[in-house]
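Subject: Structure handover and notes

Hello,

Here is the structure I said I would pass on. My notes come after it.

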Amino acid sequence: MNYTKTEQKLMDAMARMDVIDAHEHLTPEETLLSKPRDVFALVGHYVRFDLFSAGMDRESYNIHGGRVKPACKDFNRLYDPGIPLEERWALFEPYWQCVRFGSYARTSRLAAKLYYGVDEINGQTYRELSERIADESKPGIHRRVLVDTCRIAAALTQFGYTNCDRPLVPVAPAPLLTQVRDRNHVEILSGKLNTTAKTLDDWLALAKKQLDKWTSEGAVGIKISSQYNEPPDRLAAETAFKNLLDGGKLVPDSRGFEPFENFMLHHLIDLAGELDLVVAVHAGVWGDFRNVDPKHMLTLAPAHPKVNFDLYHLGMPFVRDSIVIGKNLPNVFLNLCWCHILSAVQTCSAIDELLDQVPVNKVIAFGGDEGMGLENIVGHLQMARENFAQVFGARIDRGLMSFDEAVHILKLWFWDNPLALYRRLKVQV
Amino acid sequence: MNYTETEQKLMDAMAKMNIIDAHEHLGPEELLLSKPRDVFALVGLYGRFDLFSAGMDRESYSEHGQRVPPACRDFNMLYDPSVPLEKRWNVFEPYWQHVRFGSYARAGRLAAKLYYGVDDINRQTYQELSDRIAEESKPGLYQRIFVDTCRAAAVLTQAGGTNCQHPLVPVVRGRLLTQVRNREYVDYLSATLGLVVNTIDDWLHLCKKQVEKWVQEGAVGVKFLAQYNPPPDRTKAEQAFKKLMAGEALVPGKADRFEPFENYVMHHVIDLAGSHDLVVALHSGIWGDFRQTDPKYVLTLAPAHPQTNFDLYHLGMPFVRDAIVIGKNLPNVFLNLCWCHIISQVQTCSGVDELLDQVPINKVIAFGGDEVMAPENIIGHLQMARENFAQVFGARIDRGLMSFDEAVQILRLWFWENPLQLYRRLRV
């Protein structure tokens, strides 16, 4: 991408900034390296959804709008090392032509260019790129990508567990304690925690124990989704829990509402606040995205005034709603994780609008939200910097702020704000 | 409009492209030419809504937020040839001054300029423009406008029936089978098809016969609205149908427009469409209480019919970002930019820029004029579409985000290949 003079100065300034990566799904390095990696490592996590949208594995698209993984035959073949790379590329290329101009794909293309020195992902380069990825896929890759290349001092990650090494720092999965659908779940979790759960109070005690455990293991937050929520109703929750222990199933309604889950959600949020854990909130994009509308925060956040919420993704596509929520509610912070690669254009307009509306201490600049394509974080971070450079650059050139003011704000967003919000997070640079 | 160098190159490239016009409401040409035509032909279909909004015929604005056409006295007068043109212009001009800067008006103004060689629509030009329009309104108008001027090889039109000639290709109204409100309608349609309908299964059989007839007559798609759509409930639909056959009317809910028989048959016809390779075109956004035509209704409708392809219109304006995520996530939903370009050029440019970030390029259709009474406006509309694409792609090229050749390749997909790929029954 070509930059104006001011944009280039901002890009240079950001390249010198240390970063808190405020949202990932990275697993421990040994899990990442347990399978062979090639060019398709760069297109697995998000690009696949564009591939599916473009027509790949159409027959696996079912009436629930979801995918059953084993049915995604072509996509799964991309990751079968028993099939020659050339054959897999031939399967992939027609769909790649349909998606390569999108923001998801650009992340991968930038990763290839900036981290592997391969200018483009195409029929001429996939073999060489695969070789370089395979060569690089050895212990220390987390450090080389995150710390040495991206200057990331900590990467808050959600992968269901807490067993990760620096720079990864865990954020724990709240649904483990709230989305309890059958008795089996209760028995497995109480067994793991060496406790019993025969009443709702038992489950509340178990939740406390689990949260204490996560905290002692280094978790700095818990993750929920922005979902339909009502004031907690203990009676309804007790009835539901009894039903569950009697062998019944707890099934949410079309809004995603289930009374036991709703009660536990409120309880867990309060517990998180007491333990200085941030409640990270997914909002937008997936599935019937009305069910993960950021506007659900309008009732959830004020019900827990002592707890801080880290609202993700600007609730895309409900960007303007999220901005007003971040503007109005003192305990809701806006985390631009994933936004930059969902749509760079939409993110730029949002940054510009939130600069108009939201205090500068309420915004977090970056989270790669990546799983298997670790190197994509390099491309993602580049796109984030470009987005900030465009918006701040235009304001500087218009005389609306000085260069130094822009750099000050960006430093807050990349570094100070996530550290101030995630109070349990300690870093060394 | 002034263009950058790159924009001009893109405009030139697009001017050489053949197109599929993927949505119109044009009837047969002889119908259009059956009445005298003058300057007001260029402001009738959409311009009137801005005129009403600006104050024309305010007294006809009812508590339902709609207009009863006979009550729109001033507007109707514009189309009364017995009233002298000058008098009609005098009625029109004060409102025109309020709306002429809008996107709707620009399509008419560009039509005047590009097709009739009249630089603007104003007091100095209306007489001359009217003369030129009257002179041009003779057989062969469609050919001259669509084929010779716009390079449209096919024009998908929804005019209620299937009796149209090249380049028009019919898309039929699904609601003829679903919005059944009284027994008289059942009797009428079954008689038309030579069938007897007593039960809901008879009606489903009738639907099949009608869909087959449409296909035989050249239809390539069925049109519905994005609307509230719970899973089909046969018991409730049967109850409703019995009520209807007993002489009761079926009245949809006021807030959500939901009616169980309609919902049931809609799901059924969508499946029928899929099995006949017909696309389900979906209006969404803009009109009336636009919450009732929210594109987000497609989030449940499209996954319930995974074998059917949906052509989602208008980016669901103003719910543009919602529509884009829907087109991004659902493999059977395609985004058709018909009408968008003249609703708001600015909103369409930002929509196109954002969808380039998000949606696979084989999922987008560039253009549909959505016009009824003024085929000439399609020339202005197409020019605005090209300008919008030139601005968005031009900026990306100048930023080094794509090459000129890549932009042209994507635009050719959007104007030509994607509509042909989606509408599999369409032959050009």
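Predicted model: local features only at pLDDT ≥ 70, side-chain atom pairs only at ≥ 80, totals over all residues.

Residues are numbered from 1 along each chain as its sequence is written, chains are lettered from A and ligands numbered from 1 in the order in which they are written, and side-chain values use heavy atoms, with hydrogens and water left out.

The sheet of chain B

Chain B has an open sheet of eight strands in the order β1-β2-β3-β4-β5-β6-β7-β8, with parallel pairing. Strands here are DSSP runs of E of at least two residues, and helices are runs of H or I of at least four, both numbered from the N terminus. Two strands pair if DSSP finds at least two bridges between them. The edges are β1 (19-24) and β8 (364-365) of chain B; each has a single partner strand, so one side of each lacks a neighbour in the sheet.

Strand β3 of chain B (residues 168-173) has five of its six residues buried, so the rest of the structure largely encloses it. Buried means under 20% relative accessible area, exposed means over 50%, and partly exposed is in between (1.4 Å probe, protein chains only). Three bridges pair β3(B) in the parallel sense with β2 (residues 152-157) of chain B. Among the bridge partners, B:Val155 goes with B:Leu168 in β3(B), and B:Thr157 goes with B:Pro170 in β3(B). β3(B) also pairs with β4(B), again in the parallel sense over three bridges, and there B:Val172 has B:Val222 in β4(B) as its bridge partner.

Strand β5 of chain B (residues 279-283) is mostly covered, with five of its five residues buried. In a regular strand the side chains alternate between the two faces of the sheet. In β5(B), B:Val279, B:Ala281 and B:His283 point one way, B:Val280 and B:Leu282 point the other way, and all are buried. The pairing of β5(B) with β4 (residues 221-225) of chain B is parallel and runs over five bridges, with B:Lys223 opposite B:Ala281. β5(B) is also joined by three bridges to β6 (residues 310-313) of chain B, and these two run parallel; B:Val280 has B:Phe310 in β6(B) as its bridge partner.

Helix α10 of chain B

Which residues of α10(B) are buried? In this helix (residues 183-192) they are B:Val186, B:Leu189 and B:Ser190. Seen down the helix axis, the buried residues of α10(B) fall within an arc of 100 degrees, so they line one face; the arc is that of the directions from the axis to the C-beta atoms. B:Glu184, B:Tyr188 and B:Ala191 are exposed on the other side of α10(B). The cover over the buried residues includes α9 (175-178), α11 (200-216) and α12 (234-245) of chain B. Just after α10(B), B:Gly194 has a positive phi of about 65 degrees.

B:Thr348 lies in helix α17 (residues 345-358) of chain B and is buried, at 0% relative accessibility. Leaving out residues up to four places away in sequence, B:Thr348 touches B:Met317, B:Cys340, B:His341 and B:Asn388, where contact means heavy atoms within 4.5 Å. The C-alpha atoms of B:Thr348 and B:Arg386 are separated by 11 Å, the two residues being 38 residues apart along the chain.

A:Ser103 belongs to helix α6 (residues 103-116) of chain A and is buried at a relative accessible area of 3%. With the same exclusion of residues up to four places away in sequence, A:Ser103 touches A:His340, A:Ile341, A:Leu342, A:Ser343, A:Ala344, A:Met383 and, in chain B, B:Asp357.

The interface

Between the chains, 42 residues of chain A are in contact with 39 residues of chain B. The buried area is about 3,300 Å², of which carbon and sulfur atoms give 51%; this is the accessible area (1.4 Å probe) that two parts lose on being put together, summed over both.

The rule finds three salt bridges across the interface of chain A and chain B, a salt bridge being a side-chain nitrogen of Lys or Arg within 4 Å of a carboxyl oxygen of Asp or Glu. A:Glu7 forms a salt bridge with B:Arg399, with the closest N and O atoms 2.6 Å apart. On the side of chain A that touches chain B, α3 (47-54), α5 (85-99), α6 and α17 (344-357) of chain A each supply at least two residues. α3(A) gives the most to that side, with five residues.

Regards
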